[in-house]
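Please look over the sequence and the model shown here before reading the briefing. The points are grouped by topic.

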Amino acid sequence: MRNWKRLLTITAMTLAVLVALVLALGISLTNFLVDFWWFSSLEYGSYFWLRVLYRYIFSGGVTIFFFLIFFLNFWAASRYLGVDQSAFSSLGQESGRQYRKLLQMFQTGSMSVYIPVSLILAVWVASPFYQQWESALLFFFGPDSGVQDPVYREDISFYLFRLPIFELVQKKMLITSSVLVLGIALLYWLEHQLLPVEKRTWPRGAKNHLSGLVLVTALIEAWGFILDRHDLLYTSVHEPSFFGPGFVELRYLLPLIWFVVVSLIAATGSGILWAHTGKGLKSTIGFALVFVVALGLRQSSFLPNLLDRFLVKPNPVKIEKDFMENNIKATLKAYDLEQIKTIPVTAAVGPEMIAPDVRQHLHNIPVWDPEYLDDVYQQLQGIRPYYSFTDVDVARYQINGQTEQVNLAAREINIDKLPDAARNWENLHMRYTHGFGAVITPAAQNGDTPMQWFLRDLNLQSDVGFKVEKPDIYYGTEKLDYAIVPNRLNIPDISSFDMDSSQNYSGKGGVQISSLFRKLLIALYFRDEKLFFSVNIDGNSKALFRRNIVDRIKTLTPYLELDHDPYIVVTPTRVYWVQDAYTTSSWYPVSHDSRFAFAGYQNEEDKRFNYIRNSVKVVVDAFDGTADYYVVDASDPIILGYQNAYPGLFKDVAEMPPLLREQLRYPRDIFQLQMNIYAKYHQTDPALFYQQAETWDFAKVEDKPVRPYYITMIMDGAEEMQNFILLNPMTPIGRNNLSMLGIAGSLKSDNAGRPYSKQIVVYKFSRDVQVDGPSQVSALIDQDPEIARQFALWDQKGSHLKRGRIIMLPIGKAVLYVQPVYIVSTGNTKIPELARVILSMGNVDVMDTSLEKAWEKLEERLRESNLVLHPEPAAPSEIETTPPPEEKRPSVGPMQ
């Protein structure tokens, strides 16, 4: 009876284990197959197989490599085991037979012992490589950069692609060789103990084998010390003064590393010679002492502290000058800041502040902040409860023969806004499947007229020629669940501009549900049985998933970092998303590191890096989800490495459709990162860099940094840029006056004929004449009695006054500040209204309903204030003057 129970228990457990294994395997295969279908639907099926091939070839190859190292060494050791059988004579018959059997297994290199042991050890050692396979691709495919590090003159590609893999290989090889030395030494020791006393001599083969392993271990350890030379380039002990190695590291620690390497190899070689011949004991001890002393000096901080205290600290600039220069040059190169064009500017006073051609640029000054405009769009153009405007973008289009800056947003689906009664499976996955169209408004508006629209409503009404053939938005920035389209649901007529394509979807994207087998696998993939049993899915239906564009791009190319601000482009055929993508590395030598939370991470954790390039623009079709990757920086060795590894994935930017290419822009995230670095590293002279007397900070208003903003205009000194530029004001640290204005934009064309390139220009304001910063202008506006009186009248019960962001523009030789003023209802329905526009220049503030009226008033006030400060002379004839030559002033931008 007990045997039957035991048999049933074993059988049940076996079946449970088998079922669990089958389920796990089935789920894995289901995920694998559906992912393959998804990649294939985007025409990236070959790319999918290439990634699988690279991953398993690399992971399997590394595992086999370590397996062979372990197995061959264990097998070789078994050849030298030679225990005399008489060693077991003192044991009993049964015990002796068991020991003989065990010894025979080790002596013959039994497959049942060495293979599983070697495999377990190989998987254990190789496991970190399984997560590093994508980085290893760059080891094989990454090209030389043509740039050398400033210390060892190695190509930068060595640090970006090879050094990380070398360090990982060295650590794992050291573990492997150490395990082998200990394991095989233990085998030989046990054998030696089992030999009769009169035969206790080590076999020559065993000595040679163990000596070889010790020598290899020493060489691997020496290789680790050699790699430590390169780790000196990433030291941060000198911060905040500078980053990277200084006098102590390169003049004291670096020679010690070489002493450690040479003495280690010499001591090991001498020790092996002594073990075999009995000669060289003194030299072995001597080399070992040198090794221990050199290693101890390297680990000790006593001498480095003495050198730093009595030599470096009294003469920091003189001693560390070259090392500071290394840090400055490497950091500027790593963040693509080498080619910045600096324009010295002395601010004008008096009538020179009034530029003659200001009016022609007023129509492109943005007076609506995105956060307030988003509320306007939601209230006036949401139309249906399930539509949402996630983000308001900025762009420029040719409208009525001139370039107009506009605000625009995609009307996306947001099923969280559905009432609870409507949140059923069919509605969520088969009815409310997509957004529809976009809204576009001019950036410049008047406070005394209704909101002007360039594109609006579900019928896409436009008085300026905007139209979209396929305005359905199945892919966007919302958190979108999977959708099944087309389907058999009968949707009642609800003026179906926006709902029709759920039944007539014709996009290329999506996984075809063309059979019951596919339907089953896709249902298993989503863990949703309703999908399998639904009768409204037919052979033409497709499963659309990974519809958030950031999630979509991260799934396709997880090795690219993404900008936080994907933007839409409205064309006559489709609505497209453009996503800026970056390549980063934390291995650029002597470059200062940064931390930033890129888009696409669940917890938005900061990523550490010290090299970045905006190398790729990704275009995602909002209708069918196709994603195209365009390389815009062919000088970046990282993207060239991935381009070599994945042929056909990345296209040249020249292949991008012109309507999309003309909307490309300098991304905000990288510009903010670059300006954060340049705030310190613009001081290229080591003495100034050490003093940090001219370090900048982001301009602030009410203790909040002013984010870079886009504006459409041509700046003096930046005429080669396109007219859609990014501005970033900065002030001295701890002060509020304006120090510089950073300007970034894409070039109209470059000398190499590339269709897309970019540049940064810096207006550096002279300290001879103060230029007010945004916070100072905000304070002056607060102090203006006329403006304060008007604010008090508006800020009454039932409404609340809000002041928008402060926009600054270089106009002529002065700086014009613009701040919009909104009135927001305190009730449940909040539709912000643009009430007034404030202009400020030269300590003169005015407010009116439009930019044109405000400029007229400001110009008049400036002329009046100038007459008061500089009255005309009483008798011009009494003063002998020579009229100056006529000066031709630029319409926009500061003059030197």
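This is a predicted model: local features need pLDDT of at least 70, side-chain atom pairs count only at pLDDT 80 or more; totals for chains, interfaces and linings use all residues.

Residues are numbered from 1 along each chain as its sequence is written, and side-chain values use heavy atoms, with hydrogens and water left out. Helices (H or I, at least four residues) and strands (E, at least two) are DSSP runs, numbered from the N terminus.

**Strands and sheets**

- Strand S26, which spans residues 758-765, is mostly covered, since 7 of its 8 residues are buried (buried means under 20% relative accessible area, exposed over 50%, and partly exposed in between, with a 1.4 Å probe and protein chains only).
- Strand S1 (residues 341-345) pairs with S26 in the parallel sense over 5 bridges, and Thr342 stands opposite Val762 of S26; two strands pair if DSSP finds at least two bridges between them.
- Strand S25 (residues 740-746) runs antiparallel to S26 and is joined to it by 7 bridges, with Ser746 having Lys758 as its bridge partner in S26.
- An open sheet is formed by 3 strands in the order S9-S11-S10 with antiparallel pairing, and its edge strands, S9 (483-485) and S10 (511-512), each pair on one side only.
- Between S9 and strand S11 (residues 542-544) there are 3 bridges, and Ala483 has Leu544 as its bridge partner in S11.

**Aromatic pairs and charges over rings**

- The structure holds 53 aromatic pairs, where rings of Phe, Tyr and Trp (its six-membered ring) pair if their centres lie within 6.5 Å, and planes under 30 degrees apart count as stacked, over 60 as edge-to-face and the rest as tilted.
- Among them, Phe66 and Phe129 form a tilted pair, with 6.1 Å from centre to centre and 40° between the planes.
- Because Phe66 lies in helix H2 (residues 45-80) and Phe129 in helix H4 (residues 111-130), this pair ties together parts that are 63 residues apart in sequence.
- Phe66 is buried, with a relative accessible area of 2%, and Phe129 is buried, with 3%.
- The ring centres of Phe532 and Phe533 are 5.2 Å apart with planes at 80°, so this pair is edge-to-face; Phe532 is partly exposed at 23% relative accessible area, whereas Phe533 is exposed at 62%.
- The charged end of Arg546 sits over the ring of Trp38, 4.6 Å from its centre, and Arg665 lies over the face of Tyr710, at 5.2 Å from the ring centre; a charge sits over a ring if NZ of Lys or CZ of Arg is within 6 Å of the ring centre and within 35 degrees of the ring normal.

**Backbone positions**

- A cis peptide bond with omega of about 10° joins Glu239 and Pro240, and Pro240 is placed in the loop between helix H7 (204-231) and helix H8 (247-277).
- Val485 and Pro486 are also joined by a cis peptide bond, with omega of about -15°, and Pro486 lies in the loop between S9 and helix H15 (501-504).
- Leu460, although not a glycine, has a positive phi of about 55°; Leu460 is in the loop between strand S7 (438-442) and strand S8 (472-473), and counts as buried at 13% relative accessibility.
- Glu702 has a positive phi of about 55° although it is not a glycine; Glu702 is in the loop between strand S21 (700-701) and strand S22 (704-705), and counts as exposed at 68% relative accessibility.

**Surface patch**

- Val293, Leu297, Phe302, Leu303, Leu306 and Phe310 form a nonpolar patch on the surface, with about 540 Å² of accessible area together (by the Shrake-Rupley method with a 1.4 Å probe; for residues, only the protein chains shown count as cover).
- Patches are made of residues with over 30% relative accessible area and no salt bridge, like charges being joined within 9 Å and nonpolar side chains (Val, Leu, Ile, Met, Phe, Trp, Tyr) within 5 Å; a salt bridge is a side-chain nitrogen of Lys or Arg within 4 Å of a carboxyl oxygen of Asp or Glu.
- Helix H10 (302-312) and helix H9 (281-299) each supply at least two residues of the nonpolar patch, and H10 gives the most, with 4 residues.
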